[in-house]
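User: I am new to this structure and would like to learn how to read its features. Please give the general idea each time, then the case here.

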Amino acid sequence: MNNKNSNRRRDFLKTSALATGGLILQPWNIAGAYAAGTDEIKLAVIGCGGRGTGAVFQAFETGHNIKLVAMADAFRDRIDKSHQPMLDKYGADKVDVPEERKFVGFDAYKEAIKLADVVILAAPPGFRPDHFEESVKQGKQIFMEKPVATDAAGIRRVLAAAEEAKNKKLNVVVGLQRHYQDNYRETIKRIHDGQIGDIVGGQVYWNDGGVWVNARQPGQTEMEYQMRNWYYFNWLCGDHIVEQHVHNIDVANWVKKGHPVKAYGTGGRQVRTGKEHGEIFDHHSVTFTYDDGTVIFSECRHFPGAANRVDESFQGTNGSVFLSAGNHGILKDRSGKELYNHPRENNPNPYQVEHDELWAAVVNGEYKFADAENAAHSTMTSILGRYATYSGKVVTWDEAINSEINLMPETLAWDASPKILPKEDGYYPHAIPGKSKVF
Ligand SMILES: NC(=O)c1ccc[n+]([C@@H]2O[C@H](COP(=O)([O-])OP(=O)(O)OC[C@H]3O[C@@H](n4cnc5c(N)ncnc54)[C@H](O)[C@@H]3O)[C@@H](O)[C@H]2O)c1
């Protein structure tokens, strides 16, 4: 941290929270090393897979005085695989994680969180409510990945912890990175300014070929197998309508400034039908109805070889808009004339921007980010979509968010049973629309 920032931080510590120019300046974590004036900010990562590792790299790339001091993962080999490349790139000074600060197992997160000022939460989504709740309880600044839960019980816990985080003025950034991507920010600002009138319809898509499979290994318990192959089990992943399509559904809620009141849909398992594919569907189509009657159509599918499409379109009373993660942001009036076309070149990487903005707030002692509530609503909208496609019925927001379904196992241990188990033939039961009750 430079001297200017260092002095500013010390000033914050002398004062109570100040509201200035729309920011709340807050001396959080007074007991921590950061507040004690060492200038070094301690980071812990929970969930050391692809995204957890990537997020640590992005934190370091902000250029602030950050030290990774603890790593937690359910599996030791995942820590090792993540630790080495970090060490190679940034050195032992920044990657200061000796054996005693590598924590393994289901409870590993608690110890790692204790040692940090800022935490990265990037385990599979089913664990996010546990990890987020604990981080807020311990008063940490937070970057957490989407989705933030896999069932309504988890969402209610995240919403409660989000409230507590606001009261404690803890920055929370969520990896719904379109909120940190210029084309989305600039274009949606113009929609909200009324350039294409009121939004009355839309279509959001995540259609691609699907993701990895981790095959069952000899000697694995059922719990270990499901944890390694987490994408295909709802208690861990939420199905791809939640795990992946949440990005596009989130854009619909952002544009509409709210969440839908009901959902109706269809889905199933057409091409991904093996034992290794657990219980999730490979396609979902949902119509979400918002309280003003707007209908947004959502489609996600994992069909290798079919046409890919990942983007969002909306129609307004005076025009239309097309958005995508490829930096599109095109507003047109009803005659087809362009009102705005976001430049597609030289846009910053939103995964980096999330960290640049979060860490700048942390370093400057500012309270600026409260992403958890929106992320909980977008995740809940995706879960509502899953309830609709699994049941084949119209499902309302109120019944979905109040449902008592809790997909998490009673006990988290390697010899404990997940609630979903294979049938005698090795295949997992899965929802049949029209027959299955979701609640
Ligand atoms: N924003 C994005 O674009 C984006 C991209 C990829 C992944 N993600 C999200 O990031 C999260 C992680 O995805 P990933 O691709 O890195 O998966 P991954 O499988 O590579 O990593 C997950 C890690 O969490 C560990 N883990 C499992 N249970 C744990 C527990 N209880 N405590 C601690 N660690 C645990 C796993 O062993 C693994 O190392 C998911 O929520 C995913 O949706 C977001």
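Analyst: Start with helix pairs. An axis is a line fitted to C-alpha atoms, for helices over the stretch in contact, and angles run from 0 to 180 degrees between N-to-C directions. Helices (H or I, at least four residues) and strands (E, at least two) are DSSP runs, numbered from the N terminus. This is a predicted model, in which local features need pLDDT of at least 70, side-chain atom pairs count only at pLDDT 80 or more, and totals for chains, interfaces and linings use all residues. Residues are numbered from 1 along each chain as its sequence is written, and side-chain values use heavy atoms, with hydrogens and water left out.

User: At roughly what angle do the axes of α8 and α11 cross?

Analyst: They cross at roughly 35° and come within 9 Å, with α8 covering residues 182-192 and α11 residues 246-256. Contact means heavy atoms within 4.5 Å. On the α8 side Y184, R185, I188, I191 and H192 take part, meeting V251, W254 and V255 of α11. Ala, Val, Leu, Ile, Met, Phe, Trp, Tyr, Cys and Pro count as nonpolar, Asp, Glu, Lys and Arg as charged, and the others, Gly among them, as polar. By that scheme the contact has six nonpolar, one polar and one charged residues.

User: How much space lies in the largest pocket?

Analyst: A pocket is an open set of points on a 1 Å grid over the protein atoms alone, where a 1.4 Å probe fits, with protein on both sides within 12 Å along at least five of seven lines; lining residues have an atom within 4 Å of a point. Grid points are joined across faces, edges and corners, and a volume is the space filled by probe spheres set on the points. The largest pocket holds about 920 Å³. It is lined by 41 residues, and G49, A122, A123, P124 and W230 are the closest to its centre. Its lining has 21 nonpolar, eleven polar and nine charged residues.

User: Which residues come nearest to the ligand?

Analyst: A residue is near a molecule if one of its heavy atoms lies within 4 Å of it. There are 26 residues around the ligand, and R51, D73, R128, E243 and Y351 come nearest. A polar contact is a pair of N or O atoms within 3.5 Å. A ligand nitrogen lies 3.0 Å from a side-chain N or O atom of E145.

User: Where is the cis peptide bond?

Analyst: It joins K146 and P147, with omega about -25°. P147 sits in the loop between β7 (141-144) and α7 (152-168).

Note on methods
Polar contact = N/O pair within 3.5 Å; in protein donor to acceptor, adjacent residues only side chain to side chain.
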